[in-house]
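Work through the two exercises below with the model open. Each task is followed by a stepwise solution.

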Amino acid sequence: MFSRSSFADHEQVVYATDKATGLRCIIAVHSTRLGPAIGGCRIREYAGETEALDDVLRLSRGMTMKAAVAHAPFGGGKMVVMLQPGQEKTPALMQSVGRAIERLGGRYITGEDVGSTVTDMTEIRRETRHVLGLSQEQGGSGDPSPSTALGCFAGISAAIEFRYPGQDMHGVTVAVQGLGNVGWRLCQLLHEAGAQLTVSDLLSDRVQRAVRLWDAEPADASQIHAVNADIFAPCALGAVLNTETIPQLKAGIIAGGANNQLAVEHRDGPALMQRGVLYAPDYVINSGGMIQLAAEFMPNGQSDVERRVLGIGDTLTAIFEHAEREGIPCNAAADQIALARLDAGPVEPADRVAAKSAAQ
Ligand code: NAD
């Protein structure tokens, strides 16, 4: 455990099981230095425990970096529930997830992720208060995707201003990969601001609707990264920036909501810099949803969500400037800023106290 590269100095890694419900899960708490660790609950079948362990460790470290850069008074964590072949999610299973989280006493706060839903969060809530992302009727802040899309829009605006000072969104072309919760809303915002859209999705009805509504140009799903556009906005898959796609890019800016866009960070970040492509680091530009969810545990948090989400634009500008000054890739610049915040410790004592007491 301690020597694997994904371990990355985790504070705590917990395996939990429940024979009655068939629960097998791992909870990774990477850091609580800035506050309790937040991160979603991923539920899926894994090829084996090693794959599940690497997944949860990698994702929880990513949450630490995301919260630190976003100035959220939280640390980073993640949870994976390993389904066995043919095993169904049941309310009882989700309640046992809640009990596993409760045993950590508030050091880890869960939320939705791949494979989990608002309904699952409701079942978890029966056993623990340490859960975010309930519906608004249940006192939560609801679907975080609109905040994620708004943050991406702010990030794209900041990238345009940095790369093409004085240019507004009119006439700018954006190639959006993936028209799901985030990509669809992002397209709406871009269209309203006057951008020209090129779009792709595996679901052709979504593409046809975008063509009808916004006069978007449809693109082949396997070629969207290579179309002629000012900006490429990945909003679907991870690892979309790799040795095959980077040489084919025509856009001068990469700025979209997908997680883990660089297949290999230390290889593909420098490759983008060498091609002169301005890259908005994924965990910064897509942090709007996390900012909304984190605000559920902060006093008057929801009233300030929009301002904080729009602040992603300023955060990215600071990262672009730092990268340019130091001559380093943008992803490395974001990492340096996140690690410096971690070293400095909590900067918002009031929020931190509120977050801590909510988690107690
Ligand atoms: P989603 O499942 O609602 O949408 C994904 C869309 O991408 C779907 O329409 C799917 O058909 C399409 N797609 C899948 N493979 C594709 C391909 N090869 N080419 C083109 N389209 C493809 O997911 P979402 O919530 O919109 O999230 C999108 C991305 O943003 C994911 O990487 C997610 O991890 C990340 N993200 C989402 C949030 C959020 O608030 N929802 C927050 C942070 C990060």
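A polar contact is a pair of N or O atoms within 3.5 Å; within protein, one must be able to donate a hydrogen and the other to accept it, and residues adjacent in sequence count only if both atoms are side-chain atoms. The model is predicted: local features need pLDDT of at least 70, side-chain atom pairs count only at pLDDT 80 or more, and totals for chains, interfaces and linings use all residues. Residues are numbered from 1 along each chain as its sequence is written, and side-chain values use heavy atoms, without hydrogens and water.

**Exercise 1.** Describe the interface of domain 1 and domain 2.

Step 1. Domain 1 is 12–61 + 74–135 and domain 2 is 145–342, from an automatic or database domain assignment.

Step 2. Count contacts (heavy atoms within 4.5 Å). 13 residues of domain 1 touch 9 residues of domain 2.

Step 3. Take the buried area, the accessible area (1.4 Å probe) that two parts lose on being put together, summed over both. The value is about 930 Å², with 66% on carbon and sulfur atoms. On the domain 1 side, Leu 34, Phe 74 and Leu 132 lose the most, together 42% of what that side buries.

Step 4. Check polar pairing. There are 2 residue pairs in polar contact between the domains, both at pLDDT 80 or more.

**Exercise 2.** Find which atoms of Asn 181, Val 182 and Asn 259 face ligand oxygen.

Step 1. Start with the backbone. A polar backbone atom of Asn 181 lies 3.0 Å from a ligand oxygen. For Val 182, also a polar backbone atom, the distance is 2.8 Å.

Step 2. Turn to the side chain. An N or O atom in the Asn 259 side chain is 2.9 Å from a ligand oxygen.
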